[in-house]
Amino acid sequence: MKQRKEIKATIYCRVSGTKQVRDGDGLASQETRCREYAKYKGYEIAAVFKDDMTGKVAERPAMQEMLTMLRRSRSQEWVVIIDDISRLARGLEAHLALRASLADAGAKLESPSIEFGEDSDSILVENLLASVAQHHRQKNGEQTKNRMRARMMNGYWVFQAPIGYRYKKVSGHGKLLVPDEPHAAIITEALEGYASGRFQSQVEVKRFLENQPAFPKTKAGEVLQQKVTNILTQPLYAGYYTHENWGLRLIRGKHEPLIDFETWQTIQTRRKGVAKAPARKSLNEDFPLRGFVSCGHCGEPYTACWSKGSNAHYPYYLCDTKGCKAYRKSIRREQIEGDFEALLKDLRPAPALFAMLFEAMRILWDRRVQDSQAQVTIMRRDLNRIEHKSNQFLDRIVETDSSSLATAYENKVRELETQKALLTEKIEKCGRPVMSFEETYRTAFSFLENPQKLWFSEKLEDRRAVLKLVFADRLSYLKGEGYRTAETTMPFKALEDFRLGKSDLVRATGLEPVQPRAEGF
């Protein structure tokens with residue numbers, strides 16, 4: 001009598017993702033139930049295969065590994081045990097493909113939950129159950145999407161937290177985005193620096209981020225350009241978010257913004273403007289004026305270098321423009337930078353003048369706060385007008401049969417929604433300064449009072465910031481004569497006008513004696 005061949009079994013388990021593996025016990029529970037079934041049937045378990053991915057697709061690592069093993073052992077009689085039909089697949093197409101692959105490998109499919117047969121009735125039941133599993137997957141997906149969309153409409157971001165934020169459980173909110181330090185402070189400085197012009201291009205923002213030890217980088221120590229673009233275009237940092245696929249546009253979030261919406265708008269406007277040449281990589285701590293000071297003869301920027309002497313190397317600035325009267329005539333670094341420091345020193349206002357300017361600005365601040373209610377009324381009127389316009393365009397979208405017109409109307413609605421968000425933020429802030437006058441202007445007045453302080457910083461970016469904040473254009477320098485008349489930026493022009501009595505701020509105080517100013521200003 002022919003001896004019956006021993007049947008070997010392999011168990012296949014699956015959950016939908018790594019989170020279920022980490023937080024749940026689904027795989028272990030499936031394996032336990034399958035082992036109990038194998039023991040009851042008298043099968044020897046040869047292997048267990050586990051996947052942690054969606055049942056929508058048939059191509060899964062553990063499943064492919066199991067099929068490979070089965071094909072290599074065709075001489076052996078195999079049974080594949082699954083806990084439930086939904087563990088094999090949650091899509092009819094994937095189910096049929098895997099059933100065909102198992103049959104091709106010579107394996108039989110069994111489960112403690114369903115009896116698989118080859119007759120038409122059994123196949124009909126099996127396909128119906130596979131369709132039900134697919135329906136459950138699709139329904140779960142729809143419900144999850146609807147819950148996520150509803151939560152976003154209520155002001156909560158539901159996707160991965162961008163760099164600078166992390167999720168934290170907050171009473172009354174559930175999981176809420178909160179600033180993640182020190183990344184949040186770095187992101188804020190980068191965004192505000194680009195908006196103000198401190199960083200002239202995205203490349204300069206990239207270099208700033210790469211110079212921050214705490215900021216995450218690639219193994220090569222680089223911040224990818226795409227990450228910089230994502231940071232500059234992410235409205236979450238301004239307290240808003242958009243999800244076009246779900247019809248959500250500029251929803252006001254409940255999380256704390258890192259910058260205000262007006263700053264974010266400035267960033268978007270700058271990104272669409274004329275591209276700026278990035279700061280040269282050759283700029284370094286040795287020659288902070290390189291590229292900013294130009295030759296007084298030809299107007300071209302000076303270059304700089306170290307010149308080798310008999311005993312040491314010596315730093316020089318020089319004009320490298322052929323045909324120029326000063327071509328290759330070097331200027332000692334201590335001379336050109338010493339003259340620059342003297343120029344900065346001359347820009348320092350007299351203490352009495354600075355105290356008067358400080359008091360005049362305080363009076364102007366108080367007047368603006370008092371006038372804020374009238375501004376709120378005007379902005380509310382503008383907001384109502386924008387909402388009315390937006391509703392008109394929405395009506396036109398519904399009525400039109402032209403796809404091009406509908407697209408044009410949708411673009412107008414987006415523009416109006418942006419204006420609406422900007423006005424809403426201004427109305428909320430108007431008349432309620434986030435910080436006091438002293439807190440708001442402390443850094444600015446400290447810089448105006450003595451720009452040399454920042455120039456003597458150890459950071460090259462601070463020294464370059466002085467050049468951009470004080471001077472409106474390149475400085476012109478002649479060897480043996482020094483700097484020509486410099487064109488300063490608006491704050492320093494305002495100081496000079498104030499000194500000469502040309503400023504409107506003079507009338508705010510009438511140039512009367514003022515009380516000693518607050519300490520630190």
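In strand β6 (residues 174–179), L176 is the bridge partner of K168. The structure is a predicted model in which local features need pLDDT of at least 70 and side-chain atom pairs count only at pLDDT 80 or more, while totals for chains, interfaces and linings use all residues. Residues are numbered from 1 along each chain as its sequence is written, and side-chain values use heavy atoms, with hydrogens and water left out.

Strand β5 (residues 165–170) pairs with β6 in the antiparallel sense over six bridges, where pairing requires that DSSP finds at least two bridges between two strands. Helices (H or I, at least four residues) and strands (E, at least two) are DSSP runs, numbered from the N terminus. The hairpin of β5 and β6 has three residues between the strands, and G172 takes a positive phi near 90 degrees there.

The axes of helix α7 (residues 183–196) and helix α8 (residues 202–210) come within 10 Å and cross at roughly 155 degrees, the axes being lines fitted to C-alpha atoms over the stretch in contact and the angles running from 0 to 180 degrees between N-to-C directions. In this contact (heavy atoms within 4.5 Å), I186, E189, A190 and Y194 of α7 meet Q202, V205, F208 and L209 of α8.

E262 lies in helix α10 (residues 261–272) and is partly exposed, with a relative accessible area of 40%, a class between buried (under 20%) and exposed (over 50%), for a 1.4 Å probe and protein chains only. When residues up to four places away in sequence are not counted, E262 touches L422, E425 and K426. The C-alpha atoms of E262 and A421, which are 159 residues apart along the chain, are separated by 9.3 Å.
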